[in-house]
Amino acid sequence: MLRNQLTRRIGVPLAALAMSILGVVAVAPGSPAGASTSYQSAHAGGTLKLLATQGSGTLDPQVNYTLQYWQLYQATYDGLVSFQKVSDAASFQVVPDLAVAMPKVTNGGKTYTFVLRKGIKFSNGAPVTVNDVRSSLQRIFKVSNPNSGSWYNVIVGGPACVTTPATCTLNGGVVVNAATNTVTINLITPDAEFLDQLAVPFGSILPSTAPTKDAGSVPIPGTGAYKFKSYNSSTGIVMVRNPYFKVWSAAAQPQGYPNEIDMNFGATVESEVTAVQNGQGDWVYDPLPSDRLQALSTTYAKQLHVHSLTANWYLPMNVNIAPFNNLKARQALNYAIDKNAAIKLFGGKLLADPTCTILPPGFPGHVPYCAYNKGSGSTYNGPDLAKAKALVAASGTKGDAVAIVVINDSVNSAVGQYVQSVLNSIGYKATVKPLSSNIQFTYIQNTKNKVQISLSQWYQDYPAASDFVKVLLSCSEFHPASDNSINMSGFCNKSLDAKMNTAETLELTNPTAANALWGQIDQQMMSKYAPWVPLFNPKQLDFVSKRVGNYQFSRQFYMYVDQLWVK
Amino acid sequence: MAALGVVLFVVTACLLAPVYAHDLAHVDAFTSNLNGTIRLNGRTVSVLQANTQGLGFGVTPIGPTWHFTNYFLGADNQGRDVFARLLYGGRATLLIGSTSAIICCLVATVLGLAAGYFGGVIDWVVSRVFDIVWAFPIYLLAISLSVILLTSGLNIGPLHIGAGSLLLPILIIAMVFVPYVGRPLRGIVLSLKEREFVQAAIGSGASDWHIITKEILPNVAPTIIVFLPLMVAFNMLTESALSFLSIGVQPPNASWGTIINDGLGLLYTRPWVAIAPGIGIVLTAGALNVLGDGVRDAFDPKARLRGSI
């Protein structure tokens, strides 16, 4: 995804899947930890006030692909499985949620059988049934989920649903039995990441009465501890307690603390920071403005929380239109950009690390490597402007006009201006096109807009190499003339696609070899094709108000908003 | 005279922007300088300085050095010399303000003369166009035009103006103000047309061109001259507002509005980035207004309130 959208996983879940394929039934952890332990009712109550400059589009959990709302979905929606609601690394573990236990995996990894919990109700009072599960999985296709063609088309009947979403039945792919309360999902091929994909908000179980198109600003009932009371993309979101919620698994969906969670839009990030300093707000969603960081890190140090992320800020270049349909032009920009300079605009070297690879450090498959560097070495040393200028001259693209499309907040705009300056310095005529975050992400995906280069961010959906490499740069993710074409570079290489498929297959049996292959693909992608300029791996800096307690950070979904204490 | 002096001083200073940037400060006002350093009091100092206190987060541009040739007003978040950009920005703001005022007054004069003198269909068409333009709040109209044209540029037949060109804000601002000058001029022409000397010229068989250029225009000219400095001030303010909203002058070009916008993100640490262009706008617009009043008084000392917009 981006920060205004999310990403994926590996490690423990892959191991669990490998065991499952061998016929072992994984079960839920006996005693949940972290966020899930010992609910302290003395801290329950109050209104948590979250602040964001603007909304992030639709509220539909099967459509929205933004961190901003995915953080809220953790407390409002559940899937059959979900990521464990605990702090740090254990938060990557998938646990049963609406399912009684982890699924029984049979048929060589192609059949998953879930038993649905009984007695759970949606926030509108309707009970959760196996029919809701089936309709929710069908709905993923009907609403043209951004990843329906890359994640969920592995379900039997999925390819037909991708082709004709309106008539999607997943016949033979999802089989339910109301008598035994079971849901059987049949896959076309084994998929090491299928449970992760079910555990993200796209896999939310919604009432079968939910609209079969993007619900937009109309909240859909969920099963979480909270429900959306109202949503206006211009003014904000109000979440209140779900009156039908009872804890069935604290590891999957713990009870929340605030009685109400508000996310207000419309203020500038500067005034958001001031509001949190003054106790008028509790948390700032947006990247903190650089001119406030110094004061915050001295006077408000106790209210700051910093965490490393598996994420990338990068410049996707459109490989299908000039000038970046020319490899030398793409390589030139890779040589020219000073990633350390860009980091200064993000808040300094304590808040981000320069990167040359598609996979973030610490991620499965990541290998330290830097194809475009000053001098040699696997770690980034700095830009090489001479090489960049020579490549531009050799490419024959010198003098071309280039527009950089960025989000119009202060940090993104500043990085955009820096990139503009670099492009001008190596011979292009660059302009910056700032757009609201409500539309920038879809705008830069749609080939109709002829975007040459943009500034984008990718934050893991779950920790698996494919989430960066395959999701962002495979042929299956390039959909011309669509707002859902996450492969913004429009990069499609059949040979690399075949390697990605091999790596995915290897994940089932030999994760180590699979990761090594993902690392090779990453290096080959950058050295031979350079569809991006990777800029830096950011860290998450959360600024909370003085009254907020119980800050907990998930590697998967970041700060748990519903676990914060405001009293 | 004081107002004229201020205007001349500002104009001269801004015209000398390249001299200051290239020959005195030795800076490039339009290129990011995130890794730049300067020599200050014998020490090498980074233009963007990393925080060393507390948790150490944040990078802050260097503040005013008050050394005239060395980042006098400090740097912006791209590490660019604020004073150099202030001078370049003044050039853009004054250029847009004055050029758009001239275009506005020229177009308004032609339309006002034509509508007032010929009357009939021409008057009806021109007046309705004025009505339509006047019906929109002026900033809303300017913002709407800017958003559209700055995205795709202006392409009318063989005329192509790029999205980043200064011509776009000039034309947009000129056009939205035309009715504000054209309407009063039309009224004056209507009045002049009934005067004896014009009627005498018509009666003697003089051509329309002769009557307009020799009889009416000279009598309208003082009003136009009074309008001009006032429109420069108005248009400067409009340009600054549009640029502040990122829909006027486009980066890396500077105008006083864009510099205020740049300074918005630095208000807490480097307030001079926003304050300095603000002072420039207030000083210049104030001086132009006083100058406009002076010119009006010089032409028509008995009607001090007439002609104000």
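Let's start with what is buried in helix 15 of chain A: Pro511(A), Ala514(A), Asn515(A), Leu517(A), Trp518(A), Gly519(A), Ile521(A), Asp522(A), Met525(A) and Met526(A). Keep in mind that this is a predicted model.

Why look at spacing in a list like that? In an α-helix, residues three or four places apart point the same way, because there are 3.6 residues a turn.

Now the dimensions. Helix 15 covers residues 511–529 of chain A, 19 residues in total. From first C-alpha to last, helix 15 reaches 26 Å. After the helix comes Ala530(A). Its phi is positive, near 45 degrees.

Next, the two chains together. How many residues of chain B are in contact with chain A? The count is 27, and they meet 31 residues of chain A. Two elements of chain B each give two or more residues to that side: strand 3 (48–50) and strand 4 (59–61). By type, the chain B side has 16 polar residues, 11 nonpolar and no charged.

Last, one residue within chain B. Val178(B) sits in helix 6, residues 167–193. Is Val178(B) buried or exposed? Buried, because 24 other C-beta atoms lie within 10 Å, and the cut-off is 20 or more. Leaving out residues up to four places away in sequence, Val178(B) touches Cys104(B), Val107(B), Ala108(B), Leu111(B) and Val133(B). Then there is Phe130(B). Phe130(B) and Val178(B) are 48 residues apart in sequence, yet 7.8 Å apart in space, C-alpha to C-alpha.

How values were computed
Residues numbered from 1 in each chain as written. Chains lettered and ligands numbered in written order. Predicted model: local features only at pLDDT ≥ 70, side-chain atom pairs only at ≥ 80, totals over all residues. Contact = placed C-beta atoms within 7 Å. Helix = DSSP H or I, 4+ residues; strand = E, 2+ residues; numbered from the N terminus. Nonpolar A, V, L, I, M, F, W, Y, C, P; charged D, E, K, R; others polar. Expected span 1.5 Å × (residues − 1). Buried ≥ 20, exposed ≤ 12 C-beta atoms within 10 Å, placed from the backbone.
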